[in-house]
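Dear colleague,

Please find below the structure that I am handing over to you.

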Amino acid sequence: LLDFEHNLLQPVQLIKTLMETDCKKFIFTSSGGIYRNDESAIDENARIFPLDELGPYLGSKLCGEIIVRSYSTEMMVTILRPFFIYGFAQKRDMLIPRLFDRVRKSQPIKLQGEEGIKINPIHVKDAARAVVAATGESSSAVVNVAGPDVLSLRKICSEIGEYLSAEPMFEISEEEPKDLIADISLMKEKLISPTLSLLECFDDIRPP
């Protein structure tokens, strides 16, 4: 219920307040996790998961999108869908810190196939720049927000291992990798071009 309060009820209450102040723009941060995994880069028109497979967090994000976009006739609405944000002081149960900690503690990392899935995570500084850029947009839009580099989980963990002087442990399954790579063409056109590579930012992922 907390997910729906944060991702649905609060945006509705905020929009109601803003409508009374003649607000011209609303930016809503959703999630790239609503998309189905695909073999190629996912653009903003790609398929999303069936509603009964989204779960409370992603389901509430999608509901929030629907509510917010319904006001696009009243104000400019920008929906941002970030993919795997990482950076300073992030909760350790998020993907990138979790991988870092598993390598650090010599705990196995499960991979689909030899390389695991491919992703293009984005540093929080680049994500913040994208949000700031969205404030200057002159039309409503839905925009993926992701990083510049497409990396497999094996590559990420191997580079973390080099950084820590530790040997990653992998458990390989026979599943086909279900990549989750964002097409960031629209992000580059309308917002920013991300510049920070995960492989150069491991200092920002270390636990405090």
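The paragraphs below set out what was found in this structure, which is a predicted model.

The largest pocket has a volume of about 1,000 Å³. Its lining comprises 30 residues, and those closest to the centre of the pocket are Phe-84, Asp-93, Met-94, Leu-95 and Arg-98. Two or more lining residues come from each of helix 2 (55-69), helix 3 (95-104) and strand 4 (108-112). Helix 3 makes the greatest contribution to this lining, with six residues. By class, the lining of the largest pocket consists of 15 nonpolar, eight polar and seven charged residues.

The second largest pocket has a volume of about 200 Å³. The residues that line it are Arg-36, Asn-37, Asp-38, Glu-39, Arg-47, Phe-49, Glu-176, Pro-177, Lys-178 and Asp-179. Seven of these lining residues are charged, two are nonpolar and one is polar.

Val-124 belongs to helix 4, which spans residues 124-134. Is Val-124 buried, partly exposed or exposed? With a relative accessible area of 32%, Val-124 is partly exposed.

With kind regards

Notes:
Residues numbered from 1 in each chain as written. Predicted model: local features only at pLDDT ≥ 70, side-chain atom pairs only at ≥ 80, totals over all residues. Heavy atoms only, no water. Helix = DSSP H or I, 4+ residues; strand = E, 2+ residues; numbered from the N terminus. Buried < 20%, exposed > 50% of the residue type's maximum accessible area, 1.4 Å probe, protein only. 1 Å grid on protein atoms, 1.4 Å probe; cavity = no way out; pocket = protein on both sides within 12 Å on 5 of 7 lines; lining within 4 Å. Points joined across faces, edges and corners; volume = space filled by probe spheres on them. Nonpolar A, V, L, I, M, F, W, Y, C, P; charged D, E, K, R; others polar.
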